[in-house]
Structures are given as structure tokens and as C-alpha cells.
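I opened the model to look up its aromatic residues and its core. My notes follow in the order I took them.

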Amino acid sequence: MLGRLKAKYQSLPLIVRASLWFIFCSFMQKGITLLTTPIFTRLMSTAEYGQFSVFNSWYSIVEVFVSLELSKGVYSQGIVKFSEDQKVFSSTFQGLNFALLLFWTIIYWLFRGFFNQLLKLTTVQMLCMLAMIWACAAYALWATEKQTNFNYRSVVIVTLLTSILKPLVGILLVLKAADKVTARIFGLMLVEVIAYSGLCIVQILRGKKLFSKKYWIYAISFNIPLIPHYLSQIVLDTSDRIMIDNLVSSSA
């Protein structure tokens, strides 16, 4: 029976096999998050877990501005539109992603007192957030290119490894730290930056180019008008936690 199943699987078109594995990855990511949530709710107090939830809410909102959601529509369309120059197109998007990180990090550092008070986060937590936004955007660019070319194996391996490592490292750090909220955030940042930096470097080495006026203008002009669209759904999903935190408490 296993032989028949294997033969049937191998006879499936590449697009179908890739789609099945991407669905499996998405299911595993959500499953691991669901299974590990009760662990963190027991290791952290209600106030600490509330603070972490509010951090995630702000992360989703800040990400739209810092990354411009480069890995979404504009990149997927561009890979096909500029298929003959795909390697350079991808590497210049990684360059733009890093330039955006640098720009917003400087802006944050100059006005860190204002941003820390507005978001109710510490400087360490904010710097971790910016690093996570960059790393996740770098991964998303790499993964989108792989998915567009139906190269699913490497995406599956990286996704599963990071999905397992993030809660494991988080649990170890939360157990040992006095500031459990920062420890949880730092654990996520550590795994993502270490795991995804290499993927960014691979794309840059393949394209051998960080800056392209043509592709940077194409990306920025395409995505800036879409910011309200990307932001609207996130605000609807996350604003309740931010409001409860400000009106009642993190614990609530």
C-alpha cells in the first residue's frame, strides 16, 4: 500500500506536489504554535503574556511601514514580469529591504523616547522588533521566489526547523530570565535572524547587486499606495488588544 501511495504521489504534477507541501508547512506552523501556547501561558503571568500579545499587535502594524510588505504582490508579480532578470531582481529587493531597515532604525534611534512611550515597549524590545521585521521579510522574499519556481523542498525544511526552534529557544530563555517578555521576544529574534540571514546572503550572492534604481522605484511606487490596504486588515485584527492594554491593563 505504501508503494502504491508513493507511486501515486510521484505521478502527481509538480505544481500539485508543491501545493500539498506548502499547505502542510502552513498547517505545521499553526499546529506547533497552538501546541506550545499553553506552555507559555503557564510560564508567564497574565500581565506578561498580555504584554507579549500587545508586542505582536504592534509588530504587525509597524511591519507594514518598515518592510513595505515587499514580499507580497509587487515581488510575486515582478518575479514573473522580470523572469529573465530574476536573480538580480531578487537581490535588489533584499538590498531595498536592508535599506528600509537602516532608515527606520535611524529614525527610531533619534526619537526612541517618543516611540517607546507610544508603543509602551523598551529599547531592547523595539530593536528586536526591527531585526525580526527585516529577517522575516528577507525569508519571505526567498520563500516567495522558491514557491514561484515550485522549489518546495528547501522551503519545507527551513519552515519546519524554525517552527520547532522558535518555541524551544523561547521556552529555555523564559525559564531562565527575570524579564520573561523580553526573553520571549529575544528568543524569536535570535532564531529568525540566524536562520534567515543566510537565505538573504544566498539571494544577494546569486544576483550580485543590491541597488537598482529601476527595481527600487518599481517596488516603492507599487507598494506605498497599498499601505492602507495592508494596514486595514491588521488594524481590524489587532487593535482590540492595544485598546484593552491602554484602557484596562496588560493582564486584561
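I started with the rings. Ring pairs join Tyr75, Phe82, Phe89, Phe93, Tyr215, Tyr218 and Phe222 into a cluster. The model is predicted, and I checked its confidence next. The chain has an average pLDDT of 90, and 100% of the residues score at least 70. Helix 5 (residues 86-110) has the highest confidence, at a mean of 95, and helix 1 (residues 2-11) the lowest, at 74.

I then looked up the core. The largest nonpolar core holds 64 residues, and Phe89, Phe93, Met129 and Tyr139 have the most contacts inside it. Helix 7 (residues 123-148) supplies the largest share of this core, 14 residues. I listed the contacts of Phe93: leaving out residues up to four places away in sequence, Phe93 touches Leu70, Val74, Tyr75, Leu141, Tyr215 and Ala219.

I counted 20 aromatic pairs. For Phe52 and Phe55, the ring centres are 6.5 Å apart and the planes stand at 15°; planes under 30 degrees apart count as stacked, so this pair is stacked. Phe52 and Phe55 are three residues apart in helix 3 (residues 46-67), so about one helical turn separates them. Phe52 is buried at 6% relative accessibility, and Phe55 is buried at 0%.

For Tyr108 and Phe115, the ring centres are 6.2 Å apart and the planes are at 45°, so I noted the pair as tilted. Tyr108 is buried, with a relative accessible area of 3%, whereas Phe115 is partly exposed at 23%.

Last, I looked for charges over rings. Arg112 lies over the face of Trp109, 4.0 Å from the ring centre. Arg184 lies over the face of Phe40, at 3.8 Å from the ring centre.

Conventions. Residues are numbered from 1 along each chain as its sequence is written. This is a predicted model: local features need pLDDT of at least 70, side-chain atom pairs count only at pLDDT 80 or more; totals for chains, interfaces and linings use all residues. Side-chain values use heavy atoms; hydrogens and water are left out. A nonpolar core is a set of buried Ala, Val, Leu, Ile, Met, Phe, Trp, Tyr and Cys residues joined through side-chain atoms within 4.5 Å. Buried means under 20% relative accessible area, exposed over 50%, partly exposed in between (1.4 Å probe, protein chains only). Helices (H or I, at least four residues) and strands (E, at least two) are DSSP runs, numbered from the N terminus. Contact means heavy atoms within 4.5 Å. pLDDT is the predictor's confidence in each residue, from 0 to 100. Rings of Phe, Tyr and Trp (its six-membered ring) pair if their centres lie within 6.5 Å; planes under 30 degrees apart count as stacked, over 60 as edge-to-face and the rest as tilted. A charge sits over a ring if NZ of Lys or CZ of Arg is within 6 Å of the ring centre and within 35 degrees of the ring normal.
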